[in-house]
Amino acid sequence: MRLKPFRTFSKMIWGRYLLTTGIQFCRWRASCHVKRHYSFLPDDVKSLRTVVNPDISKIRNIGIMAHIDAGKTTTTERMLYYSGYTRALGDVDDGDTVTDFMAQERERGITIQSAAVTFDWKSHRINLIDTPGHVDFTLEVERALRVLDGAVAVFDASAGVEAQTLTVWRQADKHHVPCVCFLNKMDKPAANLDFSIESIRKKLKANPVLLQIPIGSGKNFTGLVDLLTNQKMIWRMKSTGDDGRVFETKPLGQSDNPELLQEAKQARAALIEQVADLDDEFAELLLTDFGDNFDAVPSIKLQEAVRRVTLARKGVPVLCGSSLRNKGVQPLLDAITAYLPAPSERHHDLVRWYKDDLCALAFKVLHDKQRGPLVFLRIYSGTMKSQTAVHNINRNNTERMSRLLVPFADQYVEIPSLTAGNIALTVGLKQTVTGDTIVSSKASAEAAARRAQNEGGKEKKRGEQASLVLSGVEVPEPVFFCSIEPPTLAKQADLEKALNCLQREDPSLKVTVDPDSGQTILCGMGELHIDIIHDRIRREYGIETHLGPLQVAYRETILQHVSTTDTLDRTVGERRHVVTVDLAISPVADISTGSSCDFSFKEEVEGQLSPEVKEAVENGVQSSYLQGPLLGYPVQGVSTLIQNVGMEPGTSPAMVSACVSRCMLKAMRQAGGQVLEPVMSLEVTVGEEHLSSVLGDLAQRRGAVRDIQSRHDNKVLIAIVPLAEMMGYSTILRTLTSGNATFSLELDTYEAMNPQDQSTLLKRVAGLV
């Protein structure tokens, strides 16, 4: 019975392969020798096993990342079409794309959640994830980049590096992900290659390695010159419905435009010089074998050097094209396979300790009405098989995986097994959440721990297994919250179930219960984020909920150093609990988004306390950080030192936690509270005629202008504005500019609120204003 799905998949793949091969042969007969056609599968497929589980060196796990509306999803659609995965070109405006399959995505024309799709290009398997560009869904980018080996950064060639581009680029940098840049929309009248290259160099602090130059500009953009091979690629669109599958490739010759020849010669010379500066092996080759004529260096040697530079993250290859006009996507696919790393070329220290045993990371969870929770796993070592039990190190439990699937956006193909380097979708893991490490068994984790210790691996005090957990996904703190209520009390249980499912899917969504009012509080990353969650509850779970007014998630901190002591004396039944705690709290100099609260024990005190008491003290401190002394907002930028913990025999750890919490609250009140408000980095692109109106509006919103730049016929206004002042800004901006402006927001930092605004906030919360 287990082989039935595999045989079905086998017939489907071979049928598709034979059909595609036949179509390719017919098209080849009809085309001249200078035209190329890319097929679904390579011509040298030896067996179905290579289709299901290709060699790890032929796998590319990549993500598409960019600022909103740069063309990520359109580029993905073209990749799927040219690879043979789809038979028609999807369009974002028409709402028929493969990766934007949610109703909200198709209605709004934006990507909300990352979607994985697997396809083949020539002899390579590409596992691609299309990520959102909106800042409200930045966690989707974060958890995708955590498990990917390479990324394609898409840019609007008329705008260069935009606000959200900086964010996703920093996320890729954090995970050391090699990137390829694609300058999209070269057909726009304002497209500017030099401007885009310079913005990558200045804003991203990257080293762009230009591999192509465009032929023509704006509506006259017809093709590209490949600087490595000195060949030009021309797309001759005979009609508006031409799909761009076939294009001409031929060497540059004397009959070509002299300006183009000169530009290509200079660009290739600059490319060779730049790569030689970045790669010592290539520089040595030039000096020893091609010292008299650098232009004679073989293209294959130059390509190998560019690959080394990319993998070492010393430079980023830059290509260009127009995805919407079906130009330049096939060379981009070639660049993905040529320059981005295979899974075996990415070094993960933990993998060598597991050897051939299974080690995988859960990076995403979806809820399917028929199948239940679907868990996305990146397999780092070993082989994953369906109908087997796996061990979750983080949860310390064992679960049975009933089915194993290969993801194709919202469609899945069941397979019996999947090897290292692939992205799998599993059914049956009901306890696994984002960031969990999955191994074949508890015994294999213990064996890996022993190998790590023998190799001098870093030991941790909390046990051997803790050192073998793959680093999970960092979840940003929410900046907005509001109450959510079901239509009737009878629907309360259904709402709680829906929110639990949504929280498991989206860790950036936080749900709490107000201890005073008993209301359910929804915390999210922005207005759009909460609006999408509200819409999903209505559509997917059939609950017409009511949202309270949207509020900003402020933070609190303290103003001065304070030492204090508190004693708790309680008798519960016949047992008396007595605890005395002595602690000191101090403000941290940096109260920005990166600062957090910490605590430590005085050295002589730490050695006297048992592990249970230490844990109780930590729980007490951490719970105190959740509610500040002024308004009950979470505290940040506070350092706590435990100076002494004294207790009588028989005192329970729960009483220790309670005493620490009470002492912490007392200390924070004595230290004086300060409200911190989230301040956003705002970038507005607007015509010069509307600039003064936008500036006047920002002044009323307590905004501070950092810079005003020129971008073609528009002005780019860069400012910082308190988040509380940005409610409904999109509507106001449309009114001020007649709809001729765009903006993006990103959390910049947390700043101390000025005394007047803080006083107003305190009165408002108290119901006095």
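User: At roughly what angle do the axes of helix α9 and α10 cross, and within what distance do they come?

Analyst: Please note that this is a predicted model. Two packed helices are described by the angle between their axes and the distance between the axes. In the present case, the axes of α9 (residues 280-289) and α10 cross at roughly 155 degrees and come within 9 Å. Angles over 145 degrees count as roughly antiparallel, so α9 is roughly antiparallel to α10.

User: Which residues of α9 and α10 meet?

Analyst: From α9, the residues are Glu281, Phe282 and Leu285, and they meet Lys301, Leu302, Ala305 and Arg308 of α10. Sorted by class, this contact holds four nonpolar, no polar and three charged residues.

User: How do the axes of α8 and α10 cross?

Analyst: The axes of helix α8 (residues 258-278) and helix α10 (residues 299-311) come within 10 Å, with a crossing of roughly 50 degrees. α8 and α10 are therefore oblique to each other. Their crossing is left-handed. On the α8 side the contact involves Arg268, Leu271, Ile272, Val275 and Leu278, which meet Leu302, Ala305, Val306 and Val309 in α10. The classes in this contact are eight nonpolar, no polar and one charged.

User: What is the handedness of the crossing of α14 and α15?

Analyst: α14 passes α15 in a right-handed crossing. The axes of α14 (residues 492-505) and α15 (residues 527-541) come within 11 Å and cross at roughly 120 degrees. The two helices are therefore oblique to each other. The α14 residues in the contact are Leu495, Ala498, Leu499, Cys501, Leu502 and Glu505, and those of α15 are Ile533, Arg536, Ile537 and Tyr541. By class, the residues of this contact divide into eight nonpolar, no polar and two charged.

User: How many residues of α11 are buried?

Analyst: Helix α11 (residues 329-339) is mostly covered, with 10 of its 11 residues buried. Among them are Val329, Pro331, Leu332, Leu333 and Ile336, together with Gln330 and Thr337. For the protein as a whole, buried residues make up 54% of the 769 residues.

User: Is leucine 374 buried or exposed?

Analyst: Buried means under 20% relative accessible area. Leucine 374 has a relative accessible area of 0% and is therefore buried. This leucine lies in strand β14 (residues 372-381). Leaving aside residues up to four places away in sequence, leucine 374 touches Lys364, Val365, Leu366, Asp368, Tyr412, Leu425, Thr426 and Val427. The C-alpha atoms of leucine 374 and threonine 432 are separated by 9.7 Å, although these residues are 58 residues apart along the chain.

User: What share of the contacts in the protein joins residues at least 24 apart?

Analyst: Among contacts between residues at least 6 apart in sequence, 73% join residues at least 24 apart. The protein has 21 helices and 36 strands.

User: Where is lysine 185 found, and what is its phi?

Analyst: Lysine 185 is not a glycine, yet has a positive phi of about 60 degrees. This lysine is found in the loop between β6 (179-184) and α7 (193-203). With a relative accessible area of 17%, lysine 185 is buried.

User: What is the phi of glutamine 387?

Analyst: Glutamine 387 has a phi near 60 degrees, a positive value in a residue other than glycine. The loop that holds glutamine 387 runs between β15 (383-385) and β16 (388-392). Glutamine 387 is partly exposed, with a relative accessible area of 36%, whereas lysine 185 is buried.

Notes:
Residues are numbered from 1 along each chain as its sequence is written. This is a predicted model: local features need pLDDT of at least 70, side-chain atom pairs count only at pLDDT 80 or more; totals for chains, interfaces and linings use all residues. Side-chain values use heavy atoms; hydrogens and water are left out. Axes are lines fitted to C-alpha atoms, for helices over the stretch in contact, and angles run from 0 to 180 degrees between N-to-C directions. Helices (H or I, at least four residues) and strands (E, at least two) are DSSP runs, numbered from the N terminus. Angles under 35 degrees count as roughly parallel, over 145 as roughly antiparallel, 65 to 115 as roughly perpendicular and the rest as oblique. A crossing is left-handed if the near helix is turned anticlockwise from the far one by less than a right angle, and right-handed if clockwise. Contact means heavy atoms within 4.5 Å. Ala, Val, Leu, Ile, Met, Phe, Trp, Tyr, Cys and Pro count as nonpolar, Asp, Glu, Lys and Arg as charged, and the others, Gly among them, as polar. Buried means under 20% relative accessible area, exposed over 50%, partly exposed in between (1.4 Å probe, protein chains only).
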